[in-house]
Amino acid sequence: MGGGHAPNKIHDLVISGESSVHRLPPDVKLVALVAFVSSIAMTPRHAVWAFAVYAAILAAVTAIARVPIAVIGRRLLIVAPFLMAAALVPFIGDGPQTKVGPFNLSTDGLWAAWNICAKALLGATASILLTSTTPIPDLLVGMTRLRVPRPVVSIVAFMVRYLDLLADQFQRMRLAMAARGHDPRWLWQARPVASAAGTLFVHAYERGERTHQAMLARGFTGHMPDLDTPTRSSGAWLTALGPAALAVSVCIVAIVQ
Amino acid sequence: MTAAISIRSLTYRYPNSHRNVLDGIELDIYPGERVALLGPNGSGKTTMALHLNGLLPIQAGSITIQDTLVADANLADIRRRVGMVFQDPDDQLFMTTVGDDVAFGPANLGINPPQRDLVVQDALAAVDATHLAERHPHHISGGEKRRAAIATVLAMSPDIVVLDEPTSGLDPVGRRELAELLATIGATQLVITHDLPFALATCPRSVIVDQGRIAADAPTIDLLSDPERLIQHRLELPYGFQLRAPGA
Amino acid sequence: MSIVAMHAPDGFLEPGVALVTGLIALAVMAAAVRSSSQELGDRQVPLAGMAAAFIFAAQMFNFPVASGTTGHLLGGALAAILLGPWVGALVVGVVVLVQALIFADGGLTALGYNVINMAIVPAFGGWAIYCLVRRVLPSNAAGVIGATAVASGLSVVFAASAFSIQWLFGATAPVPFDTVFGAMVGVHVLIGIGEAAISAMAIAAVLAARPDLVVGAQDLNATQLADRPRVGARPFVIGGLLVAVFLAMVVSQFAASSPDGLEKVAEDKGFSDSATDHTFAQSMFADYATRGIDNENLSLAIAGVTGVTLTLAVGTGMAVGARQLRRAAT
């Protein structure tokens, strides 16, 4: 479907830095992110000022963390299909109409399009800021501290560890096909690619079995050990939850209005 | 002297297979020895290694590690004493940082966090990989991966280290550095390899396994300077190599 | 609003729907963690983790569709057939979670409906169809491959239907349910052909290499697995296309059933007329989704029928999965 996912290597997402945003504990950042995007999602569409405040908060965090705007812009492309879909709504929506240039557009549709675009962009920007300032191993530690069940965190950790490896392997199989003149253009020519996917599954599964043996060889008994050394300061919570608390209050005011 | 590893009549057949991949293996390895396990593909070398750590159930015969029988009841103890370095380091380095991976074994042994950190540091220092602790395994070189994989095993302070094809995927410098590294490790070592010069550089004694049996057991230099015996077991020195046994 | 409604961003549906679907997704995922831990034991983490990496990698790569355009695998039904419905749902759920958290692909507050639409519905719906079709087809590798095709294709349509139903409760734009349903299902029928073809050929490759890994084929012995008449990919795709065109026509009948959907006056009138009869439904369904429909009964009928079908498919999948689990445990 669509154009596939971002070609970013999963471990190249972090923009290294020493800012206070980078240094915040990952569990604190995760809580702040969830509170922030929930506020965005719940804000009524007509409270335009509220969205302006959210955008200002994100801009401030971006500036403090020194994440290049171009990086955020590039990663935001992932929501582009939704923005395009939203752009259609004023044309196909019903209800009272507003004249915009040469078009008669649905007023509700315009609000709906605004709503979808604003929330999608703000929400994605917030997520991108988290992954740009937090290495994935730290995110996993954060999830563990937030009591995400250990098996889930471990499965995510495995996935993250082996994703690039499998993707590279698949890429090499595609190259090997191309090197022998395979250039499929129609679905019924997809058999080699699909077979490669099947082969990749077998490789992945067998690697899983070997890794399982390697784990057993080092005393694994079914429970992933806790390797975290907790360090938590209330100061960090105050710093990180500041913007989130601001967003929550903005959301509440916007709803009450 | 009690043998570090003592294998008696070890026989194994994979499910759905029609032949014994191990067919009555008899072998004693003594503490502090470094022994190369040579043999053609499919001769049963890796299957034998997996038995030493209790990763395959013993169907017939027995294995004794020091004075402990390899059996379900003793698995935790056996796995602490016998460290396995697998053929593909990517199978072994499964955590998201090298440091966490080295800590995995000690954590399973129940070593408490402050002491665990020391153990991890020591193990990484032993393979000259202290700088890799925070790195992701996908981002380090083949030689670094191999050293990190060895550190994950050393962190459990094993008495015996089994290495499966440790030179695969290494460049010549990485190979030499690995040979130097193995010489600094005090534990008894069993090195499975196709790389005969490497075996010569690291292991004074070699054992040839063929068709599930021990086909030869002699000083490495003697085995490698016997071309007929090598050919008989599908072993071959690299082009241009010629060895002569001392005194021959 | 078609194919893209899969990795929906934050705020795409109303918060109430996000919350309810979030709770449902959480409950099913918790059950999936437990069930998969029973099925896989201490192999749960490495095997499910590696399978999740596989699904993620498979979704990243494009396969050809027509004249150089490309698509990619969703993999929910394929995961269920390879790994069983519980492990399959867990694995794809983890993929959706990571895509949202790490790639900002899908909103964090949209996780509930995204996990339901991309992981739970395709895995259990696909598994249910797979089990049903297997009964009709011969007990051999060809039967497994054929059932995989049908199940994978329909799983995508189920996912689209599930989204449409959620739209009925939580629409955020003045696009009526039947328009969304028609467009979503219509487009996904076409996508389903690609999903069916790729999943079937991928399963065939796994059956050829390691048939013992396919949970959905564990009932077959070696002779049955070897019994595999080779069907060309082209007739398969053309056949699928014909079925899709037929389905698309049927679906478009629903979409076209309110032709005056764009005529505001009549529709507002129609809406207010029927509103009194359906105060309960009114309060549950998003105003937007039902507003454009002059015949609300029809809209509810569609919603009802789709909902029942979907629930049955997912429910059957779960029941079958649970039964196999119990059998494995004893």
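A: The model is predicted, and confidence is the place to begin. Chain A has a mean pLDDT of 85, with 94% of its residues at 70 or more. Among its elements, helix 3 of chain A (residues 48–65) has the highest mean, 94, whereas strand 1 of chain A (residues 97–100) has the lowest, 82. Residues 1–7 of chain A stay under 50, and the model gives this stretch 20 contacts beyond four places in sequence.

Next, the domains. Chain A is split into domain 1, made of 10–143 + 231–256, and domain 2, which covers 147–217. Over C-alpha atoms, the centres of domain 1 and domain 2 of chain A lie 32 Å apart. Their contact draws 5 residues from domain 1 of chain A and 8 residues from domain 2 of chain A. About 650 Å² is buried between these two domains, with carbon and sulfur atoms giving 74% of that area. Polar contact between the two domains comes to 2 residue pairs, both residues of each pair at pLDDT 80 or more. On the domain 1 side of this contact, 4 residues are nonpolar and 1 is polar, with no charged residues.

The interface with chain B comes next. It brings 29 residues of chain A into contact with 31 residues of chain B. The area buried between chain A and chain B is about 2600 Å², and carbon and sulfur atoms supply 59% of it. A:Arg161, A:Arg218 and A:Leu227 provide 33% of what chain A buries against chain B, more than any other three residues. The rule finds 5 salt bridges across this interface. A:Arg207 makes a salt bridge with B:Asp91, where the closest N and O atoms are 2.6 Å apart. Polar contact between chain A and chain B amounts to 10 residue pairs, counted where both residues have pLDDT 80 or more. Helix 7 (136–145), helix 8 (150–179) and helix 9 (191–217) of chain A each give at least two residues to the side that touches chain B. By class, that side of chain A has 15 nonpolar, 6 polar and 8 charged residues.

The interface with chain C remains. Here 88 residues of chain A meet 89 residues of chain C. About 7800 Å² is buried between chain A and chain C, 74% of it from carbon and sulfur atoms. This interface has 3 salt bridges. In a salt bridge between A:Glu209 and C:Arg210, the N to O distance is 3.7 Å. Residue pairs in polar contact across the interface of chain A and chain C number 3, with both residues at pLDDT 80 or more. On the side of chain A that touches chain C, the elements giving two or more residues are helix 2 (26–42), helix 5 (80–92), helix 6 (107–133), helix 7, helix 8 and helix 9. Helix 9 of chain A gives the largest share of that side, 20 residues. The side of chain A that touches chain C divides into 53 nonpolar, 25 polar and 10 charged residues.

Conventions: Residues are numbered from 1 along each chain as its sequence is written. Chains are lettered from A and ligands numbered from 1 in the order in which they are written. This is a predicted model: local features need pLDDT of at least 70, side-chain atom pairs count only at pLDDT 80 or more; totals for chains, interfaces and linings use all residues. Side-chain values use heavy atoms; hydrogens and water are left out. pLDDT is the predictor's confidence in each residue, from 0 to 100. Helices (H or I, at least four residues) and strands (E, at least two) are DSSP runs, numbered from the N terminus. Contact means heavy atoms within 4.5 Å. Buried area is the accessible area (1.4 Å probe) that two parts lose on being put together, summed over both. A salt bridge is a side-chain nitrogen of Lys or Arg within 4 Å of a carboxyl oxygen of Asp or Glu. A polar contact is a pair of N or O atoms within 3.5 Å; within protein, one must be able to donate a hydrogen and the other to accept it, and residues adjacent in sequence count only if both atoms are side-chain atoms. Ala, Val, Leu, Ile, Met, Phe, Trp, Tyr, Cys and Pro count as nonpolar, Asp, Glu, Lys and Arg as charged, and the others, Gly among them, as polar. Domain bounds come from an automatic or database domain assignment.
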